[in-house]
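Subject: Structure for you to look at

Hello,

Here is the structure I said I would pass on. Please open it first, then read the notes below it.

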Amino acid sequence: MSLLTRRMAALLMTATAVAALSTVASTSPSQAAAPSCAGAWVVVQPEADAATASVACATEATDGVVALRSAGFTAVGSDFITQINGLPKNPDFTKNGGVYWAFCTADVDATTGAIGKWTYSQVAADKSKPAAGSATGWLLTSSMDGCPTVTSVAAASASATPTATAPST
């Protein structure tokens, strides 16, 4: 093989490697496909900080309570959820400073996983009808209009267990 042929082969291999690397590098996390959910997304946020939230997919979502449990969360109550995964420690709304689980809903962009504007539900969770691909959200709060602050389902957790410690009142 002549020197010119070897140099051309080396140049061609280098160009191919650079092209392959630039193709890989051009796919940023924001361009990655959103996780899919055949049911409804469930967001449980035990504190005001969105970083404390857990996001999971409910395979059954005939109502908001069924979706919550189907996504792997432990819930106490049927029409009014008093505890999710053991929080708040004192579930008595009248004795814990008014802390309760607010129930909210939002649309989810199936392409990006972005969660739209959260809306405080005017319907009890057991009477709601979550649409496939939508999100139901639970925020532990004392506010009468609080909703989760999570903005994407892209952080869908493998575990449906919040890791934060919520108010213990």
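In strand 7, Ala 135, Gly 137, Leu 139 and Thr 141 point one way, while Thr 136, Trp 138 and Leu 140 point the other way. In a regular strand the side chains alternate between the two faces of the sheet. Residues on both sides of strand 7 are buried; the count for residues 135–141 is seven of seven. Keep in mind that this is a predicted model.

Which strands pair with strand 7? Strand 1 (residues 40–45) runs parallel to strand 7 and is joined to it by five bridges. Strand 5 (residues 100–106) runs antiparallel to strand 7, with seven bridges between them. There, Trp 101 has Leu 140 as its bridge partner.

Trp 138 also turns up in the largest nonpolar core, which has 21 residues. Together with Val 42 and Leu 68, Trp 138 is among those with the most contacts inside that core. At least two residues of this core come from each of strand 1, strand 2 (54–58), helix 2 (64–70), strand 5 and strand 7. A second, separate core has 14 residues, including Trp 41, Val 55, Val 108 and Cys 147.

On confidence, the average pLDDT is 80, and 72% of the residues score at least 70. Residues 3–30 are below 50, and this stretch has two contacts beyond near neighbours in sequence. Residues 157–169 also stay under 50, but the model gives them 36 contacts beyond four places in sequence. Where pLDDT is low, the predicted coordinates should not be read in detail.

Regards

Conventions. Residues are numbered from 1 along each chain as its sequence is written. Side-chain values use heavy atoms; hydrogens and water are left out. Buried means under 20% relative accessible area, exposed over 50%, partly exposed in between (1.4 Å probe, protein chains only). Helices (H or I, at least four residues) and strands (E, at least two) are DSSP runs, numbered from the N terminus. Two strands pair if DSSP finds at least two bridges between them. A nonpolar core is a set of buried Ala, Val, Leu, Ile, Met, Phe, Trp, Tyr and Cys residues joined through side-chain atoms within 4.5 Å. pLDDT is the predictor's confidence in each residue, from 0 to 100. Contact means heavy atoms within 4.5 Å.
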